[in-house]
Amino acid sequence: MSAPTCLFCTIVAGRIPATVVGRSRHSLAFRDIDPQAPSHVLVVPVRHVHNVGELAQAPEELADLFTLAAKVADSEGLDRGYRMVANTGSEGGQIVFHAHVHVLGGRRMEWPPG
Ligand code: AMP
Ligand code: ZN
């Protein structure tokens with residue numbers, strides 16, 4: 001079920017524009033509006049859940065999201081590697097409370113993250 005005030009539900013519904021780069025049965029991939037790397041794509045479940053922990057209770061949707069993320073990394077040409085990030089909760093840096101993973105690549109990633 002979608003949440004009317006949720007930004008990513010609004011994007012999934014096509015009610016605000018996004019640059020979609022992939023879709024699958026349960027997931028949608030679109031470019032982050034404020035890219036932190038040459039390739040920065042968000043992969044979200046179509047269904048509204050708050051975070052990836054909640055998504056893990058639906059293994060088929062979780063697997064679908066990770067499969068789409070891997071396909072996006074491939075289509076973005078990230079064969080030298082990429083980073084997947086799932087900010088979870090306010091202290092984890094999550095701002096949009098609709099589950100998503102960031103797929104970042106096209107530059108060398110630093111560790112540890114800030
Ligand atoms: P997080 O901090 O993990 O919740 O990340 C939320 C991400 O959503 C940030 O990287 C934002 O730049 C991104 N974002 C916010 N609004 C939009 C939008 N309208 N389209 C695409 N990405 C967005
Ligand atoms: Zn949502």
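The paragraphs below lead through the ligand site, the salt bridges and two further details of this structure.

The model is a predicted one, in which local features require pLDDT of at least 70 and side-chain atom pairs count only at pLDDT 80 or more, while totals for chains, interfaces and linings use all residues. Residues are numbered from 1 along each chain as its sequence is written, chains are lettered from A and ligands numbered from 1 in the order in which they are written, and side-chain values use heavy atoms, with hydrogens and water left out.

An N or O atom in the side chain of D32 is 2.5 Å from an oxygen atom of ligand 1, and a polar side-chain atom of H102 lies 2.8 Å from an oxygen atom of the ligand. Taken alone, ligand 1 exposes 500 Å², and the protein buries 83% of that, the accessible areas coming from the Shrake-Rupley method with a 1.4 Å probe.

How many salt bridges does the structure hold? There are three, a salt bridge being a side-chain nitrogen of Lys or Arg within 4 Å of a carboxyl oxygen of Asp or Glu. In one of them E60 pairs with R25, with the closest N and O atoms 3.3 Å apart; this pair links distant parts of the chain, since E60 belongs to helix α3 (residues 59-75) and R25 to the loop between β1 (20-23) and β2 (27-31), 35 residues apart. R25 counts as exposed because its relative accessibility is 69%, where buried means under 20% relative accessible area, exposed over 50% and partly exposed in between (1.4 Å probe, protein chains only).

Helix α3 also carries E61, which forms a salt bridge with R47, the closest N and O atoms being 2.8 Å apart. R47 lies in the loop between β3 (39-45) and α2 (52-55), 14 residues from E61; E61 is buried at 15% relative accessibility, whereas R47 is partly exposed at 33%. R31 and E76 form a further salt bridge, at 2.9 Å between the closest N and O atoms, and here strand β2 is linked to the loop between α3 and β4 (82-85) across 45 residues.

Two details remain. V72, in helix α3, is buried because its relative accessible area is 2%, and its C-alpha atom is separated by 11 Å from that of V20, 52 residues away along the chain. Most peptide bonds are trans. The bond joining W111 and P112 is cis, with omega about 5°, and P112 is placed in the segment after β5 (101-105).

Conventions. Helices (H or I, at least four residues) and strands (E, at least two) are DSSP runs, numbered from the N terminus. A polar contact is a pair of N or O atoms within 3.5 Å; within protein, one must be able to donate a hydrogen and the other to accept it, and residues adjacent in sequence count only if both atoms are side-chain atoms.
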